[in-house]
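Dear colleague,

I am passing on the structure below, and I would be glad if you could read it alongside the notes that follow.

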Amino acid sequence: MQDLTIAVVGATGAVGAEFLRIVETRYPNLPKLKLLASSRSAGKTIKVGGQDFVVEEATVNSFDGVDVAFISASSAVSHELAPAAVAAGAVVIDDGSAFRMEDSVPLVVPEVNGADVEWHEGIISIPNCSTTPLVMAAHPLHQVNPIKRMVADTYQSVSGAGGGAMANLREQSEKLLDADSLTSKSGEGQIAYNVVPQIDRFLDSGYTFEEQKMKQESQKILHAPEIQISATCVRVPVYISHSASVHIEFTRPMMVEEATELLKAMPGITVLDNPADYPMPWDVAGEDDVFIGRIRQDMSHPSGLVLWIVSDNLRKGAALNSLQIAEELVSRGRLKPKNISGVTS
Ligand SMILES: NC(=O)c1ccc[n+]([C@@H]2O[C@H](COP(=O)([O-])OP(=O)(O)OC[C@H]3O[C@@H](n4cnc5c(N)ncnc54)[C@H](OP(=O)(O)O)[C@@H]3O)[C@@H](O)[C@H]2O)c1
């Protein structure tokens, strides 16, 4: 990775900042970095691994000499810049929903479907931050006992909505602690001391787009369109890490002990099997793994299991997964620095 030239579009955002923190700890010899954001941030300086980098405005001309471009901004930005980056010879790893469901774009969680990077045509997408932990948990179980149905109810942190939403929670909490508005009705956008059963826009089905993403993206990553999935995605006043209560129905009964062993053997998962030692977002923030606890038989179904899943949405849910995709490409000889071999994918 250290020989690559990496462009980071959205370097000033919540995901971008986490991405740079991971880069400086994961690669002691820093790759060449090009930090890009909107014109608002052009000229700002960001320190990575002790070195100062000046942020540039991202334009279609930003990708000359770039081997891999990580885009973590918005769908509009991805639609505009990803084709330009590909045309310049870079592989694009895109964090947003712009291309995830396109047939020509692999949607990848390396521990689950790393081989899918092989058929990319320039762009690889990463899943939504609530989809990734779900498929990490489902994959090892589905391999031995096909899953028929999953019901996932999420408790998603505000950082999933970006740096602005984190600042909003802080400001609202401070105001409420001043106590002058404790009796007021919750206004639109009230997240402090509240939970909001809507993430993203509503669809005609009555589900939200976030809930539809969990269904469609999980089916694509697991190569299992037959699995029935229903989600309710809820925003909670937590800064970092998404949690989910997941009910899984298998083809045959799955004992807790077998599920625990399968999950423990899955790279990137930490199982906390003492029922009282369950994972919580506060503790999981800053961790790379997906944490699973409260594994139990579903008393409402003979072939059902219930899991409690928590993961850092900015790391495995976004930045870390993106970097692992690049590492997967490198390990398969599908991403090489232009300045050495002239080959990028
Ligand atoms: N947060 C998560 O947990 C998570 C997980 C998975 C995927 N994602 C996806 O990652 C993306 C970014 O999320 P975030 O949480 O980091 O959002 P954020 O904190 O709001 O940051 C947005 C970033 O995009 C940049 N940007 C905005 N307009 C731009 C433009 N015209 N050209 C270039 N850069 C521009 C911003 O730059 P300025 O600072 O200059 O405005 C900033 O760096 C979204 O697509 C989101 O869906 C997020």
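Two strands are taken to pair if DSSP finds at least two bridges between them, and the helices (H or I, at least four residues) and strands (E, at least two) are DSSP runs numbered from the N terminus. Please bear in mind that this is a predicted model, in which local features need pLDDT of at least 70 and side-chain atom pairs count only at pLDDT 80 or more, whereas totals for chains, interfaces and linings use all residues. Residues are numbered from 1 along each chain as its sequence is written.

To begin with the sheet, Val68 stands opposite Val91 in E7, and strand E6 (residues 68-71) pairs with strand E7 (residues 91-94) in the parallel sense over four bridges. Both belong to an open sheet of six strands with parallel pairing, ordered E5-E2-E1-E6-E7-E8, at whose edges strand E5 (56-57) and strand E8 (123-125) each pair on one side only.

The domain assignment, whose bounds come from an automatic or database source, gives domain 1 (5-128 + 318-341) and domain 2 (131-157 + 195-312). Their C-alpha centres lie 27 Å apart, and the contact between them (C-beta atoms, placed from the backbone, within 7 Å) takes 12 residues from domain 1 and 17 residues from domain 2. On the side of domain 1 that touches domain 2, helix H3 (110-113) and H9 each supply at least two residues, H3 giving the most, with three.

Finally, in helix H7 (residues 256-264), Ala259, Leu262 and Leu263 are buried (20 or more other C-beta atoms, placed from the backbone, within 10 Å of the residue's own). Seen down the axis of H7, these buried residues fall within an arc of 95° (taken from the directions from the helix axis to the C-beta atoms), so they line one face of the helix. They pack against helix H4 (131-144), strand E12 (269-272), strand E13 (290-297) and strand E14 (304-311).

With best regards

How values were computed: Two residues are in contact if their C-beta atoms, placed from the backbone, lie within 7 Å. A residue is buried if 20 or more other C-beta atoms lie within 10 Å of its own, exposed if 12 or fewer, and partly exposed in between; C-beta atoms are placed from the backbone.
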